Structures are given as structure tokens and as C-alpha cells.
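Please work through the exercises below with the coordinates at hand. Each task is followed by a solution in steps.

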Amino acid sequence: MTTDDPEPAPRRRRRWPRVLALGGAVLVLSVAGAGWWFYEHLDGNIRTDTRTANELKKYEAERPVSVVRDAQNILLIGSDNRGGEGNGAYGRDTGTQRSDTTILLHLQAGGKSATAVSIPRDLMVDVPACDGPDGKRTQPRFAQFNWAFEFGGAACTIRTVEKLTGIRIDHHVIVDFNGFKRLVNAVGGVEMCLKEPVDDADAHLKLPAGRQVLRGEQALGYVRARYSIGDGSDTERIGRQQEFMASLVKKMQSNGVLLNPAKLYPVLNAATSSLTTDPGLDSLKDLYALVRGVRDIPREKIHFLTIPRQPYTYNKNRDELVQPDADRLFRQLRLDRPVSVARTVTASTSGDPKAGDGSPYQGTTAARGICE
């Protein structure tokens, strides 16, 4: 090559690998940023009930101790708070609340089973002296169970349950009318099977008989309806609530809600924005760990039942415990022993002091078909 020959043009380097790498990095950072935003949003939705935690610390010496490691007892409290949009039709919001529904959820160690025990709101119990929201201290009294929440909120309710059962409550969750409706809508409604049509003006509910999907307002009306369905008893209403919860569990397990991020986010968003919890459950991580623990429990091992009860001796409109059945149930839960349920229970097992822990209680499971 002579000095007069032109120099060869520099090779143009291929830049697409660099561009691709840069684009990939931007995408990863964007997804990570979006994921972090979603996490922070959901985590910030949850309301923490520090007042209850502080109140319970005052009575630590009198509270039961946990007997079995890794078993959990969670008190689910459905408040009849009518505040919020769309709830005016259910009655005037007086600023006071009672527990419309209360469930003791026992999660067996190792994720073997889950047992949800409904506590009738009209059950006559010993309510301890409690500090009310206004700072005034109430006197201990024998009263119907749902008064405990009105007297002293979740702390008073927890202490009442612990006194009644001897079971240590590890966590509590409170949900009100609006929270319930949002959660049901987030899962796309819950399928139920009505044996007869319902027309209940008090519950603002009118439904035909047969299989159907209930969404927010209808679902709330259905679980609250009483006098227009069956014999009008609170016992029957609790039974319908248990069937509703069993169908809700089945819905969340069957359509992949807990495994599909696109379906899971709306549910988590509704749940976290609807709940008030103790400090031990007030993060998305804690709640998801709880849900994940329930996710893999076989449906036939998810039990729903009511504390053994009967009409109160001095007032048929109130309830009292059936013994020794109730104490036997409390002992099984306290010692983390398996609980079995049956649709009907024979008289020979009910109230039999010789009945062992294997005797069933009247209830249902998440495996039972809704129209059975």
C-alpha cells in the first residue's frame, strides 16, 4: 500500500448488544420499581391497632399462655360499624360498635388443618372490667358476648374469649361492612345455593332460590339476614355464614387467586385496605405468610363450626354453652388436637362426658358442595 492510498474506514462496531443490555436493565429496574410500589402501597393500606396491643399488656399476668409452638389462634371480628358510603340503609351509625360476627380461627401446627369456630353474639358470658374508648372503666358483668366489643373494643373481646376458652389469642383482625363488600367483590363474588327465595327488607335482600353468585351488597345482606330465612334463629344465620366462608375458601383455592399475580393483587388490595390488625399482622409479609399457610391445607381439613350452645335457661333469645361439649372443644384447640365435624351430630355424642376427642361437632368443611 502506497502513501497515496486512502486509509481504510474504521469498522463500525455492532452496538445492538449494548443497546439490548441497556434496555434489559431498564426493564428490570422498571419491573422492580413497580413491584416495590405495589408492595409499599399494599403494606401502607393496613391499619394497625396499637391501642388493643397496649391494653392487653396491662393484663398479661392474667392471660392464658400458649401451649403448642407454631399453632396459632386468630380472632376474626366483624364489626357492625355502618359508617362509610352505601351503608346508611342498614341503620343509623351511632358511633358505637358491636361485634356482628366473631370467629376463633385455630391454625394447627405444621399447616395440618384450620378450624373456624363461630362465637354467637347472644352467648351469655362473663365480660371482665374493661377500659372503654372514652377512657372510662366498665364493671365486670355477665352479659351477651357482643357487648364486650362495645364496652372495650377488641381488647375487651379478646380478654372475654380467653376467659371463656382458656385459649391464648395470638392475633386479631377487624373488618367492617365496607371491608367485607370490597373483599367479596375482589374475588369476583361467592357462589351459594339457596334452598328457598329470600325477601328480607331489613337486610335489603331479594334473591331467587337456587345456585347463584353473590357480590358485595348481596353477600353482606345474605350473611346478615336472619328472620326471613329458615327459623329466624341466629344459630341458622351462623350456619349460613359458615357455608359462605367455606365457599369463599373454595373460590380462592380453585381459580388460582393465590397463585396468579393478576388475580392476587386486587384481592390483596381489597383485603389490606379493609383490615385493622394487631402489630404482629400489620404488614403484607405477615398477612401473606398467613394466607400461604392456609393455602395448602386440604379442603376437608378446613372446618367450620359453632361453639356448642343452647337457648339460655332464663331467656330463650340468648344462648348458653352446652357442657361438657364446649370445654372438650376448647381443650382440643388449646392442645392443638384435630377437630372433626359432621353435618348432623347424634344425641349420644352431644353432652356425653365420656365422649373422646374424636367425637364430631356439628359443622361443615370447605370440601362440601354448596348444594349438598
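Predicted model: local features only at pLDDT ≥ 70, side-chain atom pairs only at ≥ 80, totals over all residues.

Residues are numbered from 1 along each chain as its sequence is written, and side-chain values use heavy atoms, with hydrogens and water left out.

**Exercise 1.** Describe the largest nonpolar core and the elements that contribute to it.

*Solution.* A nonpolar core is a set of buried Ala, Val, Leu, Ile, Met, Phe, Trp, Tyr and Cys residues joined through side-chain atoms within 4.5 Å. Buried means under 20% relative accessible area, exposed over 50%, and partly exposed in between (1.4 Å probe, protein chains only). Step 1: the largest such core has 32 residues, and those with the most contacts inside it are Leu75, Leu104, Val117, Leu305, Leu329 and Leu333. Step 2: two or more residues each come from β2 (72-79), β5 (124-127), α3 (147-165) and α9 (325-334); helices (H or I, at least four residues) and strands (E, at least two) are DSSP runs, numbered from the N terminus. Step 3: α3 gives the largest share, 8 residues. Step 4: another core of 19 residues lies apart from it, with Leu194, Leu248, Met252 and Val267 among its members.

**Exercise 2.** Determine how α2 and α3 pack.

*Solution.* Step 1: the axes of α2 (residues 50-57) and α3 are 8 Å apart, at an angle of about 45°. Axes are lines fitted to C-alpha atoms, for helices over the stretch in contact, and angles run from 0 to 180 degrees between N-to-C directions. Step 2: α2 is therefore oblique to α3, given that angles under 35 degrees count as roughly parallel, over 145 as roughly antiparallel, 65 to 115 as roughly perpendicular and the rest as oblique. Step 3: Arg51, Thr52, Glu55 and Leu56 in α2 meet Gly152, Ala154, Ala155, Ile158 and Arg159 in α3, where contact means heavy atoms within 4.5 Å.

**Exercise 3.** Is Ser118 buried or exposed, and which residues does Ser118 contact?

*Solution.* Step 1: Ser118 belongs to strand β4 (residues 114-118). Step 2: Ser118 counts as buried because its relative accessibility is 4%. Step 3: leaving aside neighbours within four places in sequence, its contacts are Thr102, Ile103, Ile238, Gln242, Leu305, Thr306 and Ile307.

**Exercise 4.** Locate Leu164 relative to Val125.

*Solution.* Step 1: Leu164 sits in helix α3. Step 2: Leu164 and Val125 are 39 residues apart in sequence, with a C-alpha to C-alpha distance of 7.2 Å.
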